[in-house]
Amino acid sequence: HFSAYFGSTLDTHYIMSQPQAAASFCWTRKLLAALAWISFWSTGATAFAPHHRTSGSHSGSTTALSAQKTAVIAGATGYIGKATVRESVRQGYETYALVRDASKITSQEGRILYGEAFKGARILECNVCDAESLTKTFQEISDASETNQIDMICSCLASRSGVKKDAYKIDYQATLNCLTAGRAVQANHFVLLSAFCVKNPWLQFQQAKLKFEAALQEQSD
């Protein structure tokens with residue numbers, strides 16, 4: 001069963017509005033809490049019984065899952081992406097942060113700029129525009145996880161310029177690649193952090209996001 005969750009124009013879904021920076025972390029916490037509840041409901045109370053790790057690279061987590069689940073965050077270096085990575089780690093997920101250039105995070109300057117945001121997460125260089133390579137990466141993550149499955153893929157992808165070519169490459173196609181790759185490896189959940197502004201789709205990036213949301217709503221499973 002592959003569940004999909006997103007937020008934009010539907011009041012019944014959680015929503016992440018990128019321009020609302022002050023509220024972004026709060027919304028991220030609510031979204032991850034919702035995911036925890038969804039997994040709790042579908043797998044039983046024991047799956048979310050707290051435990052404490054004594055080793056490993058995830059010392060930044062304050063809450064952990066007894067059967068540790070895996071979360072993959074695409075678009076991890078963005079403002080919303082960093083907050084989502086941080087909250088995912090805090091909730092005890094084995095968190096993989098997908099980035100275009102790992103040196104942006106691991107360099108001396110990167111550690112100063114991003115160090116706290118990625119503390120406890122696994123930084124993974126990946127080209128989300130390459131569908132075949134992305135599926136291979138997801139399969140490797142799934143195989144390496146404690147449960148041999150990705151529990152959640154969260155897309156925080158957003159085009160830099162917002163112009164048509166860039167918007168449809170990232171806000172639509174790359175995001176669709178994440179969804180397709182997730183289904184290919186039988187991931188449990190897909191989460192899209194969209195933008196509230198798509199309710200008035202005047203700009204190309206808004207239209208690209210809406211196109212992907214339509215594709216997401218068409219998923220039959």
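## The largest pocket

How much space lies in the largest pocket? About 530 Å³ lies there. A pocket is an open set of points on a 1 Å grid over the protein atoms alone, with protein on both sides within 12 Å along at least five of seven lines, and lining residues have an atom within 4 Å of a point. Of the 26 lining residues, Gly-75, Thr-77, Arg-100, Leu-157 and Ala-158 are the closest to the pocket's centre. Helix H2 (79-90), strand S3 (94-99) and H6 each give two or more residues to this lining; helices (H or I, at least four residues) and strands (E, at least two) are DSSP runs, numbered from the N terminus.

## About the model

This is a predicted model: local features need pLDDT of at least 70, side-chain atom pairs count only at pLDDT 80 or more, and totals for chains, interfaces and linings use all residues. Residues are numbered from 1 along each chain as its sequence is written, and side-chain values use heavy atoms, with hydrogens and water left out.

## Two helices side by side

Now look at H6 (residues 164-184) and H7 (residues 204-217), which pack at about 20 degrees with axes 8 Å apart. Axes are lines fitted to C-alpha atoms, for helices over the stretch in contact, and angles run from 0 to 180 degrees between N-to-C directions. The angle makes H6 roughly parallel to H7 (angles under 35 degrees count as such).

Definitions and conventions
Angles under 35 degrees count as roughly parallel, over 145 as roughly antiparallel, 65 to 115 as roughly perpendicular and the rest as oblique. On a 1 Å grid over the protein atoms alone, a cavity is a set of points where a 1.4 Å probe fits but cannot get out, and a pocket is an open set with protein on both sides within 12 Å along at least five of seven lines; lining residues have an atom within 4 Å of a point. Grid points are joined across faces, edges and corners, and a volume is the space filled by probe spheres set on the points.
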